[in-house]
Amino acid sequence: MTTTGTLAPGASVVVVGTGQAGFQFAASLRDAGHTGPLTLVGDEPGLPYQRPPLSKAYLGATADGSAVLLRTEAFYTSRDIRVRPRTRVSALDTAARRLELSGGERLHYDHLVLATGTRARPLPVPGTDLAGVAVLRTLTDADSLRVALAEPRDVVIIGGGFIGMEVAAAAVVRGHRVTVVESLDRPMARAVAPAISGYLTELHRSHGVRLLLGRAVRELHGSSGAVRSVELDDGEKIDADLVLIGIGALPNTDLAAEAGLGVCPVTGGIEVDEHLRTSDPHISAIGDCASYPSVHAPGPTRLESVQNAVDHARHLAARLTTGVSAGYRSVPWFWTHQYDAKLQIAGLGTPGDDHVLLGDDTSGSFSVLRFSGDRLVAVESVNKPSDHMAARKILAPGGRRPEPTDARQDGFELRTFLRGR
Amino acid sequence: MPKITYHVGEEVVTVDAAPGSTVMLTAVQNDVGGIVAECGGNAMCATCHVYLEDGPVDELPAISVAEEEMLECTVSPRTPASRLSCQLPVTDAVDGLVVRVADEQS
C-alpha cells in the first residue's frame with residue numbers, strides 16, 4: 001500500500017473526456033462520497049455513451065443515440081455531476097491549476113483527470129478527404145455510417161482489426177458487398193493468436209466477406225468528390241462507394257504534452273505510475289489515453305477497452321477518496337462479437353507466445369492458451385464463456401497458473417484447474 | 001407500459017419499462033442501484049445478475065448456453081432463479097415481473 005493523499009471534502013475535481021472512463025470515474029467518485037464540485041468536460045455533443053455497440057448492433061438498429069447512453073440526464077442531476085458537452089479544453093496551466101476552455105472561460109481544479117481517449121489513426125494515402133470515406137470512433141460517426149449503410153453499397157474496409165471486422169460482419173449480413181483490406185497476413189493479428197485469426201477468416205469468408213490479407217492501400221479514387229474505388233499496392237482497383245478506415249487509434253495527448261506532462265515514447269500515451277498519477281501530483285490519467293506499468297505486461301502498457309476504462313476509473317476514485325493505493329493490477333479483458341461468434345480475451349498476449357489449443361478450433365467453441373515461456377499470459381475464447389471467466393480469475397496476480405504441460409493433458413479444463421488450485 | 005419491480009437490498013423500486021428494452025437497461029436508465037452491466041448488455045461480464053422472484057417468469061426466454069456459462073461465474077451465489085438481466089427482454093407479457101438484484105456483482 002502506498003499513501004497517496006486524499007481529496008479535501010470540498011475539492012474541485014474536473015475530468016477532461018466524457019467517454020466510458022470519465023463517466024465511470026465521476027460515478028464512482030460520487031459513490032465513494034466525495035461532495036465537492038465535479039465537472040465532466042468533453043467536445044462531443046451529448047451525454048456519455050457506450051462505444052462497443054457502435055460497430056455492432058447500433059449500425060443495424062433503428063433506435064436513436066439515446067439507446068446507447070450510459071445514463072440518462074437524471075443520473076447526473078441527482079448526483080450533482082456537471083456535464084459540459086461541446087466544450088474543448090484549449091490549454092492547461094498546471095502551475096495555476098486551471099483549464100482554459102473554448103470560448104475563453106477558465107476552470108479551476110484541485111484535481112484533474114485526463115480521460116481524453118483516442119482518435120482514429122489517419123491513413124496516409126491520397127483521397128481520404130473524398131465523400132464516402134469514414135472512420136468510426138464516435139456516435140456521430142456511427143450515425144453517419146448508419147445512414148450510408150441504409151442503401152446497398154460496395155463497402156471497402158481498410159484494416160482488419162476489431163472495428164474493421166465488426167463492421168464487416170454488420171455490413172455483410174445486411175446485404176452489402178464487403179471487402180476488407182488488411183496489411184498483415186491475418187486479421188486481428190496484433191490482438192489474437194493465429195488459430196483465432198484463422199477461425200475468424202473462415203467465418204467472415206463463409207458469410208461472403210472478401211478478405212484481402214497482406215495487401216496495402218495506395219490511393220482512394222473518386223469522381224465528383226465522392227469515393228469510387230480503392231487502389232491497392234499492386235495496382236488492383238476495388239469498386240467502393242463507402243470506405244471505412246479502421247487502422248487503429250492514437251491517444252489524445254496534446255493537452256498533456258503542451259502542459260509538460262510525460263508522454264510515453266513507446267505507447268504514445270500519457271505517462272502515469274501504478275497509482276495512475278502523472279508527473280504532476282494534481283493530475284491523473286485513465287482509460288485509453290493512459291500509459292501505465294502493468295503487472296500483466298513487460299513494458300509500459302496502454303489499452304483501448306471498456307474494462308481498462310472502468311477499472312482505471314474505479315481505482316482512481318478509490319485512491320482519491322481513501323488516500324491509499326496498492327497499485328492498479330486488474331486483469332485486462334476484451335471482447336468482440338461477430339455474427340454468432342463471441343470472442344473473449346483475458347490477459348495480454350505478445351508476439352512469440354507459445355499456444356495450446358483447448359477444444360476443437362473447427363467446432364466454433366474453443367480456447368487458445370498463450371504462454372510466455374511456461375507462464376500463462378492470455379486466454380482467447382471463442383463461444384466459451386466459462387473458459388474466459390475462469391481465465392480472468394486464474395490470471396489475477398498471485399495465484400498459481402497452469403503450465404503448458406498441464407494444459408496439454410487430456411481433459412484439461414480451466415475451471416477445474418481453478419477449483420483445484 | 002409493463003411494470004418491473006426491483007429489490008435492491010432493503011429497497012423496493014417499481015418502474016415503467018419500455019417494450020424492446022431489457023430488464024438490465026431499464027434498471028440502469030431508471031437509476032436502480034446494484035447493477036453494474038459493465039459490458040453494456042452483451043452477456044460478456046456477468047455483472048447484471050438478478051434473481052427472479054415473482055410475476056410472469058415463464059414469459060421470459062430460456063437461458064442460452066452462453067448465459068448459462070456466464071452464470072457459473074457470478075460473484076453472488078448462482079441459484080435456479082439466477083439470470084443475467086441483460087438477457088431478459090421487456091415485453092408486455094412480463095408486466096408485473098419482480099426481480100432481486102444480486103448483492104455482489106464484481
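What follows is a conversation about contacts and spaces in a predicted two-chain model.

Guide: Residues count from 1 along each chain as written, chains are lettered from A and ligands numbered from 1 in the order written, and side-chain values use heavy atoms, without hydrogens or water. The model is predicted: local features need pLDDT of at least 70, side-chain atom pairs need pLDDT 80 or more, and totals for chains, interfaces and linings use all residues.

Visitor: How do you know that chain B and chain A are in contact?

Guide: Contact means heavy atoms within 4.5 Å. By that rule, 18 residues of chain B are in contact with 26 residues of chain A.

Visitor: What makes up the area that chain B and chain A bury between them?

Guide: Buried area is the accessible area (1.4 Å probe) that two parts lose on being put together, summed over both. Here that is about 1,900 Å², with 49% on carbon and sulfur atoms. E38(B), M44(B) and E69(B) supply 35% of what chain B buries against chain A, more than any other three residues.

Visitor: Why is the pair E38(B) and R314(A) called a salt bridge?

Guide: The term needs a side-chain nitrogen of Lys or Arg within 4 Å of a carboxyl oxygen of Asp or Glu. The side chains of E38(B) and R314(A) meet at 3.5 Å, N to O, so the pair qualifies. Between chain B and chain A the count is three salt bridges.

Visitor: Which helices supply at least two residues each to the side of chain B that touches chain A?

Guide: Helix 1 and helix 2 (65-71) of chain B do. Helices are DSSP runs (H or I, at least four residues), strands are E runs of at least two, and both are numbered from the N terminus. Helix 2 of chain B gives the largest share, three residues.

Visitor: Why does the pair K56(A) and E166(A) tie together parts that are apart in sequence?

Guide: Their side chains meet in a salt bridge (3.5 Å, N to O). K56(A) lies in the loop between strand 3 (38-41) and helix 2 (73-78) of chain A, and E166(A) in helix 4 of chain A, so the joined parts are 110 residues apart in sequence.

Visitor: What makes a space a cavity and not a pocket?

Guide: On a 1 Å grid over the protein atoms alone, a 1.4 Å probe fits in a cavity but cannot get out; a pocket is an open set with protein on both sides within 12 Å along at least five of seven lines. Lining residues have an atom within 4 Å of a point. One cavity of 30 Å³ or more is found. The largest cavity holds about 50 Å³. Of its 13 lining residues, C39(B), A43(B), C45(B), C48(B) and C86(B) are closest to its centre.

Visitor: Which residues are closest to the centre of the second largest pocket?

Guide: P53(A), A57(A), G40(B), G41(B) and N42(B), of 34 lining residues. About 840 Å³ of space lies there, a volume being the space filled by probe spheres set on grid points, which are joined across faces, edges and corners.
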